[in-house]
Amino acid sequence: MRVHTRCSYCNAGVSHYTIYDTRAEYDMRKGTKYINIQCKKCLNTDDYHLNDLRAVRSPFFGLIFAVSIIAGLVGTFLLSYYTGSSTYQWTVLGMFAGVPFIATSIMFRQNIMKVNAFNQNFLSE
Ligand SMILES: [Zn+2]
C-alpha cells in the first residue's frame with residue numbers, strides 16, 4: 001500500500017510503499033512509529049510519523065476494474081453478434097464477463113477498505 005505525505009523541506013508530495021495494512025501493524029512489526037522517506041524533488045530524507053502519513057488508493061485496481069468492465073461488455077457483444085443468442089449461450093457469456101468483473105470488483109473494494117482502515121486508525125502516542 002502506498003502512503004503519502006508532504007516533504008518537510010520543500011513541501012513536495014512524497015510517498016512510500018509499505019506491505020503493512022495499518023499504522024499499528026507497521027509499528028508492531030517494525031518497532032518504530034516513523035518511516036524514513038527521501039524526497040524525490042529535493043533529495044532530503046526525513047523521518048515521518050505514521051500518523052502524518054495517509055494511505056492512497058492504488059490506481060492499479062481502478063484501472064483493472066475499468067478494463068474488465070469494458071472487456072466484458074465488448075466480449076459479450078462480439079460473441080453474441082457472431083454466435084447468435086440462446087439462453088444457454090447467454091449464461092456462458094454472462095459467466096465469462098461476470099467472473100473477472102466480480103473478481104476485480106472485490107479487489108477494488110478490498111483496496112478501498114484497506115486504505116480507509118489505514119487512514120482511520122491512528123496510533124496513540
Ligand atoms: Zn523535498
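How many bridges join strand β1 to β5, and in which direction do the two strands run? Three bridges link β1 (residues 2–6) with β5, and the pair runs antiparallel.

## About the model

Before going further, a word on what you are looking at. This is a predicted model, in which local features need pLDDT of at least 70 and side-chain atom pairs count only at pLDDT 80 or more, while totals for chains, interfaces and linings use all residues. Residues are numbered from 1 along each chain as its sequence is written.

## Elements and overall shape

The protein chain has three helices and five strands. Here helices (H or I, at least four residues) and strands (E, at least two) are DSSP runs, numbered from the N terminus. Read from that end, the order of elements is β-β-α-β-β-β-α-α.

The radius of gyration of the protein chain is 21 Å, whereas a compact globule of 125 residues would come out near 14 Å. That radius is taken over C-alpha atoms, and the globule rule is 2.2 Å times the number of residues to the power 0.38. Along the principal axes, the C-alpha trace spans about 65 × 30 × 20 Å.

## The three-stranded sheet

Let us return to the strands of the opening question. An open sheet of three strands is ordered β2-β1-β5, with antiparallel pairing. Its edge strands are β2 (13–17) and β5 (54–56), each of which pairs on one side only. From one strand to the next, the twist averages 40 degrees. For such angles, axes are lines fitted to C-alpha atoms, for helices over the stretch in contact, and angles run from 0 to 180 degrees between N-to-C directions. Two strands count as paired if DSSP finds at least two bridges between them. Strands of a sheet pair through backbone hydrogen bonds, either parallel or antiparallel.

On the β2 side, five bridges join β1 to β2, and these strands run antiparallel. Thr5 stands opposite Val14 in β2, and Arg2 stands opposite Tyr17 in β2. On the β5 side, Arg2 faces Val56, while Val3 stands opposite Ala55.

The hairpin of β1 and β2 has six residues between the strands. Asn11 lies in this loop and has a positive phi of about 70 degrees although it is not a glycine. Asn11 is exposed, with 11 other C-beta atoms within 10 Å. The scale works like this: a residue is buried if 20 or more other C-beta atoms lie within 10 Å of its own, exposed if 12 or fewer, and partly exposed in between, with C-beta atoms placed from the backbone.

Leu43 sits in the loop between β3 (34–38) and β4 (45–49). Leu43 counts as exposed because 10 other C-beta atoms lie within 10 Å.

## Core and contacts

Of the 125 residues of the protein chain, 13% count as buried. The largest nonpolar core has ten residues, among them Val3, Val14, Leu53, Ala55 and Phe118. A nonpolar core is a set of buried Ala, Val, Leu, Ile, Met, Phe, Trp, Tyr and Cys residues joined through C-beta atoms within 7 Å.

Leaving aside residues up to four places away in sequence, Leu53 touches Val3, His4, Thr5, Ile35 and Tyr48. Two residues are in contact if their C-beta atoms, placed from the backbone, lie within 7 Å. Among contacts in the protein chain between residues at least 6 apart in sequence, 64% join residues at least 24 apart.

Which stretches make up the domains of the protein chain? The assignment gives domain 1 (2–56) and domain 2 (59–120); such bounds come from an automatic or database domain assignment. Taken over C-alpha atoms, the centres of domain 1 and domain 2 are separated by 33 Å. Their contact takes six residues from domain 1 and five residues from domain 2. On the side of domain 1 that touches domain 2, the largest share, three residues, comes from β5.

Val99 is found in helix α3 (residues 87–120). Val99 and Ser68 are 31 residues apart in sequence, yet their C-alpha atoms are 9.6 Å apart in space. Val99 is exposed, with 12 other C-beta atoms within 10 Å.
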